[in-house]
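Colleague: I'm new to this one. Please take a close look at one chain for me, and then show me how it sits with its partner.

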Amino acid sequence: MKKKLLHAFDWLLLLGSTLLVCTFLGIILWDIFSKGLPAISWDFLLQYPTDGMTQGGILPAVVGTVLLTFITTLFAVPFGVACAVYLNEYAKHSLFTNIIRASIRNLAGVPSIIYGLFGLALFVQAMKLGTSVLSAGLTLGLLSLPYIIITTEEALKRIPNSMREATLALGVTQFETIKDVILPKALPGILTGVILTLSRAAGETAPILFTGVAFYINGVSTSINQEFMALPYHLYMLSTQHYAIEQVRPLAYGTAVVLITLVFLLNIVAFIIRSKYRTQD
Amino acid sequence: MIDWTFKQVFKGAGFLTIALLGSIFFMLMYNAFSFFSRINPIDFFTGIQWDPDTSYSIFPLLVSTFLVAIGSMVIAVPLGILTAAFLSEVAPEKLQMILKPVIEMLAAIPSVAIGFLGIVLLGPFISKLFGIQNGLNALNGSILLAIMALPTIITISEDAINSVPNSHREASLALGANKWETLFKITIPAALPGLIAAVMLGLGRALGETMTVLMATGNAAAIPKGFLDSVRTITATIAIEMGEVPYQTTHYFALFAIAAILFLISLSINFLGEYFANRLRKFDA
């Protein structure tokens with residue numbers, strides 16, 4: 001009897017922990033969406049902020065985040081994919097590849113604020129790009145690099161060796177094999193990893209703090225040499241630094257809804273690509 | 001010839017990752033040395049006050065950083081490991097299909113949104129619960145960081161528990177142990193190196209997190225006496241002060257010096273995590 005009770009307790013412990021974790025997510029989503037959705041309208045998405053940020057919309061922040069993520073992609077994806085191709089297709093197990101792999105794992109563990117400092121020292125100051133959406137995008141690109149390499153390599157690993165051997169046996173060079181056979185076949189897997197990485201980059205705040213983000217700019221950022229507004233930074237400023245914090249709280253909730261929805265949408269796209277790809281195999 | 005050229009291009013991309021880690025390290029060290037040429041390292045590590053322009057001591061920031069991070073692990077480690085055990089040993093497949101996306105969603109929420117909830121939801125709750133004026137304190141930060149570290153800890157712990165060979169479980173069950181005794185006395189101890197690796201990665205994440213602690217912990221740069229005190233971590237200090245310091249001043253270099261210490265701490269925790277993860281892999285073979 002005592003033993004049975006004890007087992008019921010064990011079971012409750014495991015189930016309770018799991019339920020608590022689910023509750024955390026539930027509370028987060030419930031609070032943000034129940035208080036934030038009323039603030040959402042086309043005007044909120046498509047208008048400029050007015051009256052010292054207490055009225056109007058968040059258009060420049062949405063545009064800024066999209067532009068920023070675009071620059072991050074342009075920079076990080078080619079380098080990340082190339083590095084993964086080298087590791088999986090060309091390199092033999094050697095000291096050099098071991099060092100590369102160790103670097104990648106450690107880069108993934110470097111705190112994001114340190115990427116921000118590095119971006120400040122390298123892009124803003126040394127390369128004289130100034131505080132701009134370009135500097136911030138490059139900084140986020142560096143941050144994303146290890147994740148893109150890791151996920152791309154996983155996608156490449158899933159391609160059976162027989163395909164490589166078959167094309168090489170036909171006399172096709174290794175580069176052509178990679179370009180015409182391996183990469184197209186691995187594309188869905190690579191895309192999934194890239195989208196997930198970008199969803200993470202879009203929500204980052206610390207790396208862009210000193211590299212170009214601004215609380216307010218006049219108009220929409222169109223030039224990559226200008227400072228820009230971004231959704232996560234906008235939420236941070238509205239909730240901590242605004243002169244009328246209580247008054248702008250609905251706007252802060254609305255911004256949080258837009259940011260989380262954007263990130264979840266990217267995740268869902270990645271999920272769909274992944275599940276289609278899995279059933280194909 | 002084309003083949004050879006492209007191989008070198010790809011190889012160059014590989015080299016870039018080494019160069020990147022190397023340059024981050026060099027940039028931090030170079031600026032930290034500029035700082036230590038102006039300020040005595042002994043004062044930096046043993047002083048008790050971080051007060052730019054008069055006293056630069058990392059000590060209160062280090063205490064704050066570890067207080068919040070270790071507090072978060074106290075919450076997240078048992079919760080994460082038990083949830084991982086539930087997922088891999090108890091939950092039927094259909095339930096797993098629901099729970100895994102839940103954990104992925106939790107991992108996807110941006111840190112600034114979690115910090116925002118620390119201000120509007122958890123802060124007022126803590127101040128009411130303990131009858132204190134300000135709910136922005138170390139406890140608030142620890143709870144939020146625990147939530148953020150949970151997905152990492154759960155996913156890696158689950159892998160570790162799954163990688164324990166079934167023969168272990170079967171042997172234990174055959175000896176008359178029941179399901180629970182097997183889980184707590186055989187499976188979890190066998191997965192221990194992997195679980196430690198999971199905790200290390202979670203801890204690394206908690207130590208390096210910026211926005212959540214910046215928003216939720218109150219940012220008082222004094223040595224905290226307990227979890228209900230306001231704290232200011234290394235990451236939050238950099239985030240607050242870097243935007244306002246003139247380049248190449250002592251204060252500017254000081255922020256790189258504390259960043260260098262944070263970098264070394266994260267690096268060591270990563271290495272420890274990897275060491276334990278490798279031990280689990282050996283056990284596999």
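Modeller: Happy to! A word on terms to begin with: helices and strands here are DSSP runs, a helix having at least four residues and a strand at least two, and they are numbered from the N terminus. Keep in mind, too, that this is a predicted model.

Let's look at chain A. Its secondary structure amounts to ten helices and two strands. Read from the N terminus, the order is α-α-β-β-α-α-α-α-α-α-α-α. The C-alpha trace of chain A spans about 75 × 70 × 35 Å along its principal axes. Of the 281 residues in chain A, 48% are buried. Among its contacts between residues at least 6 apart in sequence, 76% link residues at least 24 apart.

An unreviewed UniProt entry annotates several stretches of chain A as "transmembrane region", including residues 12–33 and 107–127. How do these two look in the model? Residues 12–33 of chain A are 100% helix and 0% strand, with 30 Å between the end C-alpha atoms. Residues 107–127 of chain A are 86% helix and 0% strand, and there the end C-alpha atoms lie 22 Å apart.

Now for the partner. Chain A brings 62 residues to the contact between the chains, and chain B brings 58. On the side of chain B that touches chain A, helix 1 (residues 2–36) of chain B gives the most, with 16 residues. By residue type, that side of chain B has 43 nonpolar, ten polar and five charged residues.

How values were computed:
Residues are numbered from 1 along each chain as its sequence is written. Chains are lettered from A and ligands numbered from 1 in the order in which they are written. This is a predicted model: local features need pLDDT of at least 70, side-chain atom pairs count only at pLDDT 80 or more; totals for chains, interfaces and linings use all residues. Two residues are in contact if their C-beta atoms, placed from the backbone, lie within 7 Å. Ala, Val, Leu, Ile, Met, Phe, Trp, Tyr, Cys and Pro count as nonpolar, Asp, Glu, Lys and Arg as charged, and the others, Gly among them, as polar. UniProt positions are given in the numbering used here, feature names are shortened, and annotations may be inferred rather than shown by experiment. A residue is buried if 20 or more other C-beta atoms lie within 10 Å of its own, exposed if 12 or fewer, and partly exposed in between; C-beta atoms are placed from the backbone.
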